[in-house]
Amino acid sequence: MREIAIIGAGISGLATAHAIERLAEDAGIAVNLTVYEREERSGGKIWSIKEDGYLCEWGPNGFLDNKPMTLELCGRLGVRDRLERSNDNARKRFIYSGGLLNRLPENGPMFLQSKLISWPGKFRLAMEPFIGKRIDGADETLAEFARRRLGPEALDKLIGPMVSGIFAGDPETMSLKSCFPRIHELEQEYGGLIRAMLKLAKQKRAERKAGKQVASAAGPGGVLTSFVSGIQELTNATVSGLRGQVKTGAAVTELKPLSDGWQLTLADGSKVEAELVVSAAPAHILKELVAGFDGELRELLAATPYAPMNVICFGYERQKIARDLDGFGYLIPKKEGCAILGTLWDSSIFPQRAPQGHVLLRSMMGGATNPKAIDLSDAEVKQKTMDELRKIMGIAAEPDFVRIFRHQRAIPQYTVGHAKRLEGILSRLVGHPGLLVTGNAFFGVGLNDCVNAANQAGDQVVKRLGVTG
Ligand SMILES: Cc1cc2nc3c(=O)[nH]c(=O)nc-3n(C[C@H](O)[C@H](O)[C@H](O)COP(=O)(O)OP(=O)(O)OC[C@H]3O[C@@H](n4cnc5c(N)ncnc54)[C@H](O)[C@@H]3O)c2cc1C
């Protein structure tokens, strides 16, 4: 039996374990796999908490169905029938601007009618096809890209809120190439975004005409998908589907290269050995583990900052909220000066998240643009959130249910230079055979990205076992 150790039982570590077992079995290689997890539970950022009839997500709400990776994992685990697609009404998204919740336009006519962007701002956006592409192809910030191609108003009201919604990030520091690689490619390939959209739409029409099956995305970014009992069903099912063990309450505190593998020291002082190690731990943890044998790798890992975030769950009796909750929720441009980044109308997205006659709202506070929010007391967080909900949604009532979750390090920030640093990390790892990395610090933060990177890590591990066996 070949010993494999995985550090971290978030979705990245668990999906890697699953991929290794599956691919090793296909290759006829017997493996003995152990996942070491610091916390007393598995799941990492995934944690679905049921209390007083409310189902609150500590971290992610779900994954998008426009990429196949997580859906395929669910299929292999036999839990596809447990999936829950978000409500059709939740396709409507809003941006809070100028004292109003403005519906995010989804097509040309809606865009022209929308009051979200001023006429000069709309005109500037319409100039996008006439802006030349960046010829050096260099990495730039999301803000530089948006200002250059779409204009400053689109940056403030569209791109900025989107970046805070996905990454809790600051567009002035985040890398276009690493955060939205497809958009970078579209500019390079087609010379602009509107040109790319038109050409791709034409291509699709032609393919349809030729009788080809064309994937029809239900909305630009797919449909948010979770499980009846919350997204934790995904990690629970992955743990149950493993033949190997998941050891919780077992932090890895030291990693040492041996002549024929690796030695891991655990928090209780015990030592274990493995032929191959995959780290699916956050970059700031891995940097400490490699410090003893590769200072350069440590420095590269240390260069990935994490944004902190508070997640605030408020439950109300439905009748206490006068406005409709017909939509996904809203994001807030930084210029509005609000204490929260936005609010998801969780029980509109997935109807079973609140008791009958009640609703669940989940607001986000902090991120890279307001990192000090993590230091506020619970009372301050609650009061500031209530003040914003009164101003934005007209909710005067005290919430009947309050839960505040803290993420000191919520989401890794792919700042400019991330791709180059990642190249550096991967080339340092060549010098440490048998040590691989995966996880949201490297190859994308969405659950689909994590599962995709886990599949690739699994593939690399099994190929290596085949070569060295
Ligand atoms: C509030 C929030 C909302 C989000 N919403 C969405 C969403 O709706 N959709 C989406 O696709 N993505 C979302 N994301 C992003 C997504 O949840 C994460 O990128 C993903 O879950 C990260 O998984 P991971 O396994 O790479 O890392 P983690 O989940 O962070 O797992 C790393 C694991 O390593 C463990 N560990 C740390 N140190 C050690 C050690 N020394 N020894 C052993 N184990 C250790 C940790 O305890 C943890 O369990 C959200 C994230 C947050 C924070």
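What is the strand order of the open sheet of 5 strands? The order is E10-E2-E1-E14-E20, with parallel pairing. The model is predicted: local features need pLDDT of at least 70, side-chain atom pairs count only at pLDDT 80 or more, and totals for chains, interfaces and linings use all residues. Residues are numbered from 1 along each chain as its sequence is written. Helices (H or I, at least four residues) and strands (E, at least two) are DSSP runs, numbered from the N terminus.

**The open sheet**

- Two strands pair if DSSP finds at least two bridges between them.
- Strand E10 (245-247) and strand E20 (435-437) are the edge strands. Each has a single partner strand, so one side of each lacks a neighbour in the sheet.
- Direction ignored, neighbouring strands of this sheet are turned by 20 degrees against each other on average.
- Strand E1 (residues 2-7) and strand E2 (residues 31-36) are parallel and share 6 bridges. Arg 2 stands opposite Val 31 in E2.
- E1 also runs parallel to E14, joined by 4 bridges. Here Ile 7 sits opposite Ser 279 in E14.
- E14 and E20 run parallel with 3 bridges. Val 277 faces Leu 435 in E20.
- In strand E14 (residues 276-279), Leu 276 and Val 278 point one way, while Val 277 and Ser 279 point the other way. All are buried. A residue is buried if 20 or more other C-beta atoms lie within 10 Å of its own, exposed if 12 or fewer, and partly exposed in between; C-beta atoms are placed from the backbone.

**Tyr 36 in the sheet**

- Tyr 36 belongs to strand E2. Tyr 36 is buried, with 25 other C-beta atoms within 10 Å.
- Tyr 36 is in contact with Ala 5, Ile 7, Lys 247, Ala 250, Val 252, Leu 264 and Leu 266, leaving aside its neighbours within four places in sequence. Two residues are in contact if their C-beta atoms, placed from the backbone, lie within 7 Å.
- Tyr 36 and Ala 280 are 244 residues apart in sequence, yet 9.9 Å apart in space, C-alpha to C-alpha.

**Antiparallel pairs at E9**

- Strand E5 (residues 63-64) runs antiparallel to strand E9 (residues 224-227), with 2 bridges. Leu 64 is opposite Leu 224 in E9.
- Strand E6 (residues 83-85) is also antiparallel to E9, with 3 bridges. Leu 83 is opposite Phe 227 in E9.
- Arg 85 lies in strand E6. Arg 85 counts as partly exposed, with 15 C-beta neighbours inside 10 Å.
- Arg 85 touches Val 223 and Thr 225, not counting residues up to four places away in sequence.
- Arg 85 and Ser 347 are 262 residues apart along the chain, and their C-alpha atoms are separated by 13 Å.

**Helices H1 and H10**

- The axes of helix H1 (residues 11-26) and helix H10 (residues 232-240) come within 9 Å and cross at roughly 35 degrees. Axes are lines fitted to C-alpha atoms, for helices over the stretch in contact, and angles run from 0 to 180 degrees between N-to-C directions.
- The crossing of H1 and H10 is left-handed: the near helix is turned anticlockwise from the far one by less than a right angle.
- From H1, Ile 11, Leu 14, Ala 15 and His 18 meet Leu 234, Thr 235, Thr 238 and Val 239 of H10.
- The residues of this contact divide into 5 nonpolar, 3 polar and no charged. Ala, Val, Leu, Ile, Met, Phe, Trp, Tyr, Cys and Pro count as nonpolar, Asp, Glu, Lys and Arg as charged, and the others, Gly among them, as polar.

**The ligand shell**

- The ligand is surrounded by 36 residues. The closest are Gly 8, Gly 10, Ser 12, Gly 44 and Pro 60.
- A residue is near a molecule if its C-beta atom, placed from the backbone, lies within 6 Å of it.
- H1, strand E15 (306-317), strand E19 (401-412) and helix H16 (447-468) each supply at least two residues of the shell.
- The shell residues divide into 20 nonpolar, 12 polar and 4 charged.

**Positive phi outside glycine**

- Asp 52 is not a glycine, but has a positive phi of about 50 degrees. Asp 52 lies in the loop between strand E3 (48-51) and strand E4 (54-57). Asp 52 is exposed, with 12 other C-beta atoms within 10 Å.
- Ala 168, not a glycine either, has a positive phi of about 50 degrees. Ala 168 is in the loop between helix H6 (152-167) and helix H7 (176-179). Ala 168 counts as buried, with 25 C-beta neighbours inside 10 Å.
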